[in-house]
Amino acid sequence: MSSEQKSAPETTEEAEPRPRRLTYAAALAGLEGAALVVGGVWILVLGLTGDPDDRQQAVTGGITLVVLALLPLLAARGLLLRRSWSRGPAVITQIMALPVAYNLLKADSMAIPGGIALAVVAIASLVLLVNSATTQALGIKGPGRAE
């Protein structure tokens, strides 16, 4: 066999363009991850340079938000690269965002617009992630449909 015959054929997943829905879902997950990083760094900086009631709690909260940002950021990267594992973390992120949005909507403050925005992003992302074009592009097969 020559070296040309040994090369792997191009798969249809790589040859087909990524569906826009998948790109949009990845962008929304990346946006959420970026927002968590910004919020975490903001809380961390305020905790270190400001005069918080509890400096340790502020620092811990900021670090926690930055670490939590890894889940949607890794999911966004996986979605862009069309990795089937990435849909799970992306869906989990949206499901976790819904109660947070609800609590922000119940607040009697400036947090209400943030709750509305978070709810819209989470619901839109869930719709995009369960769409048939997205599942096909990620190579996810339903129950009983394995080859």
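Predicted model: local features only at pLDDT ≥ 70, side-chain atom pairs only at ≥ 80, totals over all residues.
The expected span of a helix is 1.5 Å times one less than its number of residues.

**Entry: helix H4**

Next I asked myself: which residues of H4 are buried? I found Ala58, Val59 and Gly62. Looking down the axis of H4, I saw these buried residues fall within an arc of 95°, so they line one face of the helix. H3 is among the elements that cover them. I then turned to the face of H4 that points away from the buried side, and there I noted the exposed residues Gln56, Gln57 and Val67.

**Entry: a nonpolar patch**

Together with Ile63, Leu70, Leu74 and Trp85, Val67 makes a nonpolar patch of about 520 Å². Helix H4 (55-68) and helix H5 (70-80) are the elements that each give two or more residues to this patch. Leu70 sits in helix H5. Is Leu70 buried or partly exposed? Its relative accessible area is 48%, so I wrote it down as partly exposed, since that category lies between 20% and 50%.

**Entry: helix H7**

I went back to the span rule for helix H7 (residues 111-129). With 19 residues at 1.5 Å each, H7 should span 27 Å, and its end C-alpha atoms are 27 Å apart, so the two agree. My list of its buried residues reads Gly115, Ala119, Val121, Ala122, Ser125, Leu126, Leu128 and Leu129. What covers them? I found H3, H5, helix H6 (87-106) and helix H8 (132-137) among the covering elements.

Thr23 belongs to helix H3 (residues 20-49), and I logged it as partly exposed because its relative accessibility is 27%.

The other threonine I checked was Thr93, in helix H6. Thr93 has 8% relative accessibility, so it counts as buried. Which residues does Thr93 touch, leaving aside those up to four places away in sequence? I noted Glu32, Leu71 and Pro72.

Notes. Residues numbered from 1 in each chain as written. Heavy atoms only, no water. Helix = DSSP H or I, 4+ residues; strand = E, 2+ residues; numbered from the N terminus. Buried < 20%, exposed > 50% of the residue type's maximum accessible area, 1.4 Å probe, protein only. Patch = residues over 30% accessible without salt bridge, like charges linked within 9 Å, V, L, I, M, F, W, Y side chains within 5 Å. Areas by Shrake-Rupley, 256 points an atom, 1.4 Å probe, with all protein chains shown as cover. Salt bridge = Lys/Arg side-chain N within 4 Å of Asp/Glu carboxyl O. Arc of directions from axis to C-beta. Contact = heavy atoms within 4.5 Å.
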